[in-house]
Amino acid sequence: MFKNNLPLALVESKGYGHDVNDGVGLNCLLTQIPSHVRKYVIVHELAHRKEMNHSDRFWKIVAKEMPDYQWSVRWLKEYGDNVIERL
Ligand SMILES: [Zn+2]
């Protein structure tokens, strides 16, 4: 499944939702994303290893690593499509 190869945070930004058991992996897609957003994607995925949901606790873990993570969330919502089309 194509979408299973996308970083989880990017999949979520596209509204696919996510299945934490899919084994979503990072791939070359990340090289096309600004480094700040790339870091957010990784932080997001690592946070899911501690919290398998989007609870307040999950977002606190993300915010602790990246206080300005919302900038990246917005970037993914806006440009996520472009990145996927360029694959
Ligand atoms: Zn998530």
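This is a predicted model: local features need pLDDT of at least 70, side-chain atom pairs count only at pLDDT 80 or more; totals for chains, interfaces and linings use all residues.
I started at Val-73, which counts as partly exposed because it has 16 C-beta neighbours inside 10 Å. My cut-offs: buried takes 20 or more other C-beta atoms within 10 Å of the residue's own, exposed takes 12 or fewer, partly exposed is in between, and C-beta atoms are placed from the backbone. Val-73 sits in helix H4. I looked across the chain from there: Val-37 is 36 residues away in sequence, with 7.9 Å between the two C-alpha atoms.

Numbering runs from 1 along each chain as its sequence is written.

**Overall layout**

I counted 4 helices and 0 strands in the protein chain. Along the sequence the pattern reads α-α-α-α. The protein chain has 87 residues, and 24% of them count as buried. I also checked contacts with a separation of 6 or more: 50% of them join residues 24 or more positions apart. A contact means C-beta atoms, placed from the backbone, within 7 Å.

**H2 against H3**

Next I looked at H2 and helix H3 (residues 56-65), which pack at about 135 degrees with their axes 9 Å apart. Axes are lines fitted to C-alpha atoms, for helices over the stretch in contact, and angles run from 0 to 180 degrees between N-to-C directions. H2 and H3 are therefore oblique to each other; under 35 degrees would be roughly parallel, over 145 roughly antiparallel, 65 to 115 roughly perpendicular, and the rest is oblique. On the H2 side I found Val-43, His-44, Ala-47 and Lys-50, and on the H3 side Phe-58, Ile-61, Val-62 and Glu-65. The residues of this contact divide into 5 nonpolar, 1 polar and 2 charged. Ala, Val, Leu, Ile, Met, Phe, Trp, Tyr, Cys and Pro count as nonpolar, Asp, Glu, Lys and Arg as charged, and the others, Gly among them, as polar.

I found Met-66 in the loop between H3 and H4. Is Met-66 buried, exposed or partly exposed? Partly exposed, because it has 18 C-beta neighbours inside 10 Å. Leaving aside neighbours within four places in sequence, Met-66 is in contact with Lys-39, Tyr-40 and Val-43. Its C-alpha lies 9.5 Å from that of His-36, 30 residues apart in sequence.

Lys-39 belongs to helix H2. I put Lys-39 down as partly exposed, because 16 C-beta neighbours lie inside 10 Å.

Terms used
Helices (H or I, at least four residues) and strands (E, at least two) are DSSP runs, numbered from the N terminus. Two residues are in contact if their C-beta atoms, placed from the backbone, lie within 7 Å.
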